[in-house]
Amino acid sequence: AAMATALPPTPASGSRAAESPLSPARLSRLQEKEELRQLNDRLAAYIERVRALEADKSALQQRLNEQQAGSDRELGCLRLRYETELADARRALDDIAIERATLQVELGKIGEEHRQLHVRNSKKESDLNLAQARVRDLDAQLNAKEADLATALNENRTLENELRELKDQVLSLNLSLEDTKKHLHSEMLRRVDLENHMKTLQEEMTFQKHLHEDELKETKRAHESRIAEVESGRQREFESKLSDALQGLRKQHEEQIQGYKEEMERTFSAKMENAQLTAARNSEFANAAREELMETQKRVDTLVSQVNQYQTQNVALESRIKELQNLLDYDRDLHRRRMAEKEEEMVQAQKQAQAQLEEYEHLLDVKLALDLEINAYRKMLEGEEQRLKLSPSAPSHSTATQAASQGRRFLHGKKRKLKETKKREHSTAFKTIQHVSATGNISIEEIDADGNFVRLKNHSDEDQPLHGWVLRRRIGSVADVTYKFPSRFTLQAGQVVTIWGAAAGVSPGPSDLVWKSQKSWGTGDNIGVTLITDDGEELAERKIMLVPRGEESEQDDDYEEITGSEAEFAPQTKRRRKKKCCLVS
């Protein structure tokens with residue numbers, strides 16, 4: 001107030017102002033007075049503002065005290081609620097831990113039952129394999145018997161054909177024999193006719209001879225009578241000539257008759273000899289055919305008895321095969337029903353475990369949310385305590401933080417376990433054995449268990465073109481499939497190439513290939529992949545087999561068991577020889 005009042009003018013200044021009202025000194029004094037007035041106004045306004053702010057501060061301080069008292073009361077209530085909820089959560093965690101232990105015990109029992117069932121299943125499968133092997137042996141014996149039967153039937157048909165041919169030959173020989181007999185009979189008839197004709201000719205010749213003799217006699221008498229008339233001198237000469245002519249005619253007729261007789265005898269004897277030879281030959285043929293027919297009949301009887309014996313054996317084998325097949329079908333149905341029941345029990349147990357795990361996860365989520373909310377309240381309380389300069393509660397904060405971190409770690413662990421439950425359950429009953437072999441610079445480094453990819457690696461210092469090379473995949477009894485590398489593909493030195501299935505959904509890079517015609521490499525208990533060159537040589541091979549734990553395989557004795565990083569290939573100097581290893585996981 002004292003600063004706000006204006007100072008009275010001095011006499012000197014008043015005299016100077018009176019003396020010069022418009023002088024510069026007066027103007028400066030007026031300006032200073034105006035500025036001082038403005039400053040006094042501002043100072044008064046500032047003082048009023050400060051007083052108002054102090055009043056507001058006192059009011060706010062009073063309200064803050066009231067709110068702090070209310071917050072202290074609420075904080076006490078919240079602490080009581082937090083302690084009760086924390087006790088409830090701890091009791092729930094203890095109950096859940098007890099349930100988890102119970103579930104783990106039940107899961108162990110179920111795993112033991114599953115192992116026992118798997119052992120029984122393996123025994124049943126071994127019995128089934130033995131029965132199938134026995135069936136295959138019986139099938140092989142049946143096929144051999146059928147082959148023998150077919151051979152015997154073929155021989156029987158051949159012998160029947162030969163028998164029919166021999167019968168035809170016998171019929172033809174009988175017909176030829178009958179024809180020969182008929183021809184012989186006709187020749188005999190001709191002989192008789194010829195003999196009769198010869199007799200007739202002889203009689204005719206004697207008749208002609210007698211007739212000629214009579215004619216000669218008459219001629220002689222006529223000639224004698226004529227000669228008697230001829231000169232007596234030429235009678236003797238004529239008689240001698242006539243006797244000579246008669247003698248010549250007689251000799252000529254006798255020679256012709258003898259020639260005819262000899263020719264007929266030669267012809268008859270030749271025909272008789274031919275007929276006798278033909279009859280003897282036909283009789284020999286008939287005897288041989290009769291003997292061969294008897295031998296063939298004996299062989300046919302023997303073969304018929306063998307065929308009957310084979311047929312009885314075949315019927316017995318077929319009845320035995322039917323019995324074994326019925327027994328095998330019954331065992332299969334029983335095994336299938338038992339496996340279905342056990343699978344249903346396992347599915348129910350897995351569902352119960354999954355439901356309990358989900359419930360446990362839900363409780364953990366609730367606990368985590370409560371921990372986060374409690375932590376937020378604690379931070380608020382600590383902030384208020386620091387502002388009010390109260391003693392902080394460090395142990396409770398550290399305990400809550402540790403519980404929250406443990407809850408988060410436990411929750412993440414449970415979520416991860418939920419994802420790996422099936423793999424862990426499967427891995428507890430089985431162990432994975434990988435057989436690896438390679439004879440060259442390229443090896444099969446990895447086969448994805450889910451069938452997404454197969455990875456190859458070039459261990460040499462030189463590029464390897466894979467034109468015409470193939471990868472052959474074999475899964476149990478499934479038909480083999482092959483993947484053929486592109487024509488211009490080359491695997492660089494020291495590099496790897498990954499062949500993905502079409503369903504993997506990857507974008508191929510420089511070291512990736514996609515098998516477009518096959519969705520995946522497949523999954524199963526026995527997976528094998530073989531690398532084959534364009535010459536048909538098997539250069540590398542890798543097999544993955546799932547073997548029940550606790551059971552040893554005799555074929556594993558030939559392999560060396562290595563794990564993890566030990567599954568590295570030998571140096572390049574030793575890489576050309578055969579390498580085998582066995583990876584166990």
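## A hairpin and its neighbouring strands

Gly451 takes a positive phi near 75 degrees in the hairpin of strand 2 and strand 3, which has five residues between the strands. The model is predicted, so that local features need pLDDT of at least 70 and side-chain atom pairs count only at pLDDT 80 or more, while totals for chains, interfaces and linings use all residues. Residues are numbered from 1 along each chain as its sequence is written, and side-chain values use heavy atoms, with hydrogens and water left out.

Strand 2 (residues 442–447) and strand 3 (residues 453–458) run antiparallel and are joined by five bridges, with Ser443 standing opposite Lys457 in strand 3. Strand 3 is also joined by five bridges to strand 8 (residues 496–501), again in an antiparallel arrangement, and here Val454 stands opposite Ile499 in strand 8. Strands (E, at least two residues) and helices (H or I, at least four) are DSSP runs numbered from the N terminus, and two strands pair if DSSP finds at least two bridges between them.

## Salt bridges

Side chains of opposite charge can pair when their charged atoms come close. A salt bridge is counted when a side-chain nitrogen of Lys or Arg is within 4 Å of a carboxyl oxygen of Asp or Glu, and a search of the whole structure finds 15 of them. One of these joins Asp333 to Arg336, at 2.8 Å from N to O; both residues lie in helix 3, three residues apart, about one turn of the helix.

Another salt bridge links Arg37 with Asp41, whose closest N and O atoms are 3.6 Å apart. Because Arg37 and Asp41 are four residues apart in helix 2, about one helical turn separates them. Arg37 is partly exposed at 42% relative accessibility, where partly exposed lies between buried (under 20% relative accessible area) and exposed (over 50%), using a 1.4 Å probe and protein chains only.

Glu541 and Lys543 also form a salt bridge, with their closest N and O atoms 3.7 Å apart. Elsewhere, salt bridges that share partners join Glu34, Arg37 and Asp41 into one network.

## A nonpolar surface patch

Leu43, Tyr46 and Ile47 form a nonpolar patch on the surface, with about 290 Å² of accessible area together. Such a patch is made of residues with over 30% relative accessible area and no salt bridge, nonpolar side chains (Val, Leu, Ile, Met, Phe, Trp, Tyr) being joined within 5 Å and like charges within 9 Å; accessible areas come from the Shrake-Rupley method with a 1.4 Å probe, and for residues only the protein chains shown count as cover. Leu43 is placed in helix 2 and is partly exposed, with a relative accessible area of 34%.
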